Amino acid sequence: MTDIIEKPRHSETSNSSFSTRPNDMTVLGVVDFADCDQCSPYPNRWSSIRERISAPVAEFMGAFILCLLGCGGNCQANLSANKSVSASPAGNAVTSNLSWAIGLSLGVWISANHSGGHLNPAVTIAFATVRGFPWKKVPIYLLAQLLGALCGASVVYATYFNAITIVEGGSDIRTIAVSGNLFGTYAADYLPSVSAFFAEFIGSAMLITGIFMLTDKNNGPLPPGVLPVGIFFLLLGIGSALGMDTGAALNPARDLGPRILTAMVGYGSAVFNFRNQYWLWCPILGPIFGMIVAAFFYDAMLYRGSESITNRPSEEAERHHLHSCARTKPNGVAGIV
């Protein structure tokens, strides 16, 4: 390792240049550590730090993009409908759904290779419950997702602050009905509480089913880079078909992060007191329970991967496997599985 960079001798450095043998590395910054099995995977100190924090940072960035584009799409479509803001509407329900779908797709794209692209506490909990995702990683994932959603919504609020002020009628006026519902999700007036919970439960169950379907190797597998496209159509379909009743939160962080932001900037405690703590039992517990139930169902009925708890071998199957290996391996030695 100490001889990677070879210093040239004086006789070789005339005209401020030097010649090298074909395999010599003479210029800093051209060493490819990936080609050396014995080299450190971390060429400098920052790369080692980055390796340890890349997963939660990826979750933060993915959730940030999701809420930046999603809440931004809501604000543009709804605030532009006010004649004092825009002469003509700059969006509608379709563009709002597209914004959320694109936000999730890009969020998954930037984070999938580093953290798995969960961006959703309910997804993380479902994977930990059914697919063996380490529980010790769950708290940091959930915190990163929540902070990412909060920061994304904060940027949107700052961007549309003036338009919100015009629509609300003053910078000291902030109401849920006019602009607060562009950030957090709230059930429609006609919807009873049980139906609101059911809407989030079903939408979230469909989301995790689609994620499991798209990542199931027996269904493809998908070509590289296609997963975010599938996620785009998945969320677009759910939002277009099931989003009217509750706004289709489907994601505790996507709702709680922006909801905290609205409480901080003037909407007050009303964002948490709506329908007797609606924020807890509908956009948080609804997606979590919906995804866990759907994940169990998918794995029990369709999935054959060994990482699922529904496919863990029984003691009898393990004994049979070891006995079969002992008879087939050379010298009668069974391998450890």
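Setting aside residues up to four places away in sequence, Ile 309 touches Thr 129, Val 130 and Phe 296, where contact means heavy atoms within 4.5 Å. This is a predicted model: local features need pLDDT of at least 70, side-chain atom pairs count only at pLDDT 80 or more, and totals for chains, interfaces and linings use all residues. Residues are numbered from 1 along each chain as its sequence is written, and side-chain values use heavy atoms, with hydrogens and water left out.

Where is Ile 309 found? It is in the loop between helix H11 (285–301) and helix H12 (315–328); helices are DSSP runs of H or I, at least four residues, numbered from the N terminus. Ile 309 counts as partly exposed because its relative accessibility is 27%; buried is under 20% relative accessible area, exposed is over 50%, and partly exposed is in between (1.4 Å probe, protein chains only).

Now the cores. A nonpolar core is a set of buried Ala, Val, Leu, Ile, Met, Phe, Trp, Tyr and Cys residues joined through side-chain atoms within 4.5 Å. The largest has 60 residues, and Phe 183, Ile 208 and Ile 211 touch the most other members. Beyond its neighbours within four places in sequence, Ile 211 is in contact with Val 123, Phe 127, Ile 231 and Leu 234. Another core, of 5 residues, lies apart from it and includes Ala 187 and Tyr 278.

How values were computed
Helices (H or I, at least four residues) and strands (E, at least two) are DSSP runs, numbered from the N terminus.
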